[in-house]
Amino acid sequence: MTTCVYTAVFGGYDGLLDQPVASESASDFVCFTDDPGLTSDSWEVRIVDAAFPADSVRSARLVKILGHDSLAGCDTTLWIDASVVLRQTPEAIVSDWLTGGAEMALAAHSYRAQLVDEFDEVIRLNYDDRARVYEQLTDYALSHPDVLSEKPLWTGMLARRNTPAVRAAMRDWANHVLRYSRRDQLSVLTALTSGELAYRVLDLDNFDAPTHRWPVIPERRVAMGKAAPLPAGPFVADLRRSHVRIAELERELAETSSRAGRIDELLAERDRLVGEVEDAIRQRDAAIGERDAAIGERDAVDATLRAQSGVRGAARHLGGSVRAALLRGVKR
């Protein structure tokens with residue numbers, strides 16, 4: 001299995017750090033750059049054209065996410081940000097990370113609880129155009145709401161296999177970076193969870209771990225990573241979010257009204273059933289009254305019959321006595 005380590009430096013944003021473990025590794029260490037003057041003792045520097053000459057950040061992101069045609073022969077790749085210094089060989093990292101059928105592995109974010117926190121931090125630090133970040137946040141709230149409450153991922157190191165599922169997920173991720181914010185950590189979760197990629201998330205200290213140190217940035221031009229001081233269209237983005245929220249409230253109101261109507265229907269049904277029960281109770285009481293009256297009439301009839309039976313018995317007895325007396329008189 002061949003493993004390639006690669007990074008990208010465009011527009012002079014970062015310097016190129018030496019990687020001491022490269023001397024212990026059989027893997028290729030490749031840096032893609034648009035700077036023909038960049039040199040290194042531990043990296044093979046490959047000059048490539050920037051996808052967007054006026055946007056060095058997105059040009060580097062595309063190489064990071066999609067790789068490069070020259071890496072097609074690698075079975076696995078390990079991307080590291082230009083500010084990462086490895087402490088272990090890439091072979092050891094890839095072997096340890098890509099286990100259990102995982103096609104991709106990366107670390108969880110060490111210091112954000114939810115992805116929405118990362119959105120807020122990007123806006124606070126002015127890392128990208130506020131309008132674009134707001135639009136992405138609004139769209140995710142509508143189309144991928146669950147992902148906003150998930151723990152974000154750290155993309156400073158990415159271990160990947162060369163598989164169709166990985167390539168499809170990376171294409172989706174790149175589309176989000178081109179359409180929305182260039183801050184790829186805002187979109188990676190959405191891309192990974194939207195397909196069928198088997199990926200693994202590691203609990204790893206982003207700053208200082210057995211695998212690496214980060215960030216090591218002695219030559220970083222931090223200002224290049226910032227958005228313009230007057231981001232375009234924040235009012236429009238705020239207005240759009242307000243419209244979306246109004247629409248949400250209207251839907252909630254409609255749902256509440258619908259539920260209220262249903263409650264009224266259920267109350268009416270309950271009242272109807274209560275009325276039926278009360279009618280049944282009245283009918284039962286009437287039937288009991290009729291039964292009791294019938295029993296009283298029966299008892300009266302029984303008493304009358306008993307009385308009549310006693311008179312008839314006395315009359316029969318008297319008649320018998322008279323007949324007996326007459327017979328005795330005849331015999332004399």
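Contact here means heavy atoms within 4.5 Å. The structure is a predicted model, in which local features need pLDDT of at least 70 and side-chain atom pairs count only at pLDDT 80 or more, while totals for chains, interfaces and linings use all residues. Residues are numbered from 1 along each chain as its sequence is written, and side-chain values use heavy atoms, with hydrogens and water left out.

**Whole chain**

Start with the whole chain in cartoon view. Its secondary structure comes to seven helices and ten strands; helices (H or I, at least four residues) and strands (E, at least two) are DSSP runs, numbered from the N terminus. Among contacts between residues at least 6 apart in sequence, 77% join residues at least 24 apart. Of the 332 residues, 39% count as buried. Buried means under 20% relative accessible area, exposed over 50%, and partly exposed in between (1.4 Å probe, protein chains only).

**Met1 and Arg161**

Select Met1, in the segment before strand 1. Met1 counts as exposed because its relative accessibility is 68%. Leaving out residues up to four places away in sequence, Met1 touches Asp75, Thr76, Val94 and Arg161. The C-alpha atoms of Met1 and Thr76 are 7.5 Å apart, although the two are 75 residues apart in sequence.

Next select Arg161, in strand 7. Arg161 is partly exposed, at 28% relative accessibility. Apart from neighbours within four places in sequence, the contacts of Arg161 include Met1, Asp75, Thr76 and Leu98. Its side chain also reaches the backbone oxygen of Ala102 at 3.0 Å. Cys74 is 87 residues from Arg161 along the chain, and their C-alpha atoms are separated by 8.5 Å.

**Gln19**

Move to Gln19, in the loop between strand 1 (3-9) and strand 2 (28-33). Is Gln19 buried or exposed? Gln19 is buried, because its relative accessible area is 2%. A polar atom of its side chain lies 2.8 Å from the backbone oxygen of Val84. Setting aside neighbours within four places in sequence, Gln19 is in contact with Phe29, Ser42, Trp43, Ile80, Val84, Val85 and Leu86.

**Helix 2**

Select residues 90-97, which form helix 2, and colour Pro90, Ile93, Val94 and Trp97, which are buried. Seen down the helix axis, these buried residues fall within an arc of 95°, so they line one face of helix 2; the arc is that of the directions from the helix axis to the C-beta atoms. An α-helix has 3.6 residues a turn, so residues three or four places apart point the same way.

**The second largest pocket**

Select Leu66, Gly67, His68, Asn162 and Arg167, which lie nearest the centre of the second largest pocket, among its 18 lining residues. The elements that give two or more residues to this lining are helix 1 (56-66), strand 4 (76-80), strand 7 (153-161) and helix 5 (164-179). Helix 5 gives the most, with three residues. A pocket, on a 1 Å grid over the protein atoms alone, is an open set of points where a 1.4 Å probe fits, with protein on both sides within 12 Å along at least five of seven lines; lining residues have an atom within 4 Å of a point.

**Two backbone details**

Finish with two loops. Asn126 lies between helix 3 (115-124) and helix 4 (130-143). Its phi is near 60°, a positive value in a residue other than glycine. Trp214 and Pro215 are joined by a cis peptide bond, with omega about -5°. Pro215 is in the loop between strand 10 (212-213) and helix 7 (234-331).

Terms used. A polar contact is a pair of N or O atoms within 3.5 Å; within protein, one must be able to donate a hydrogen and the other to accept it, and residues adjacent in sequence count only if both atoms are side-chain atoms.
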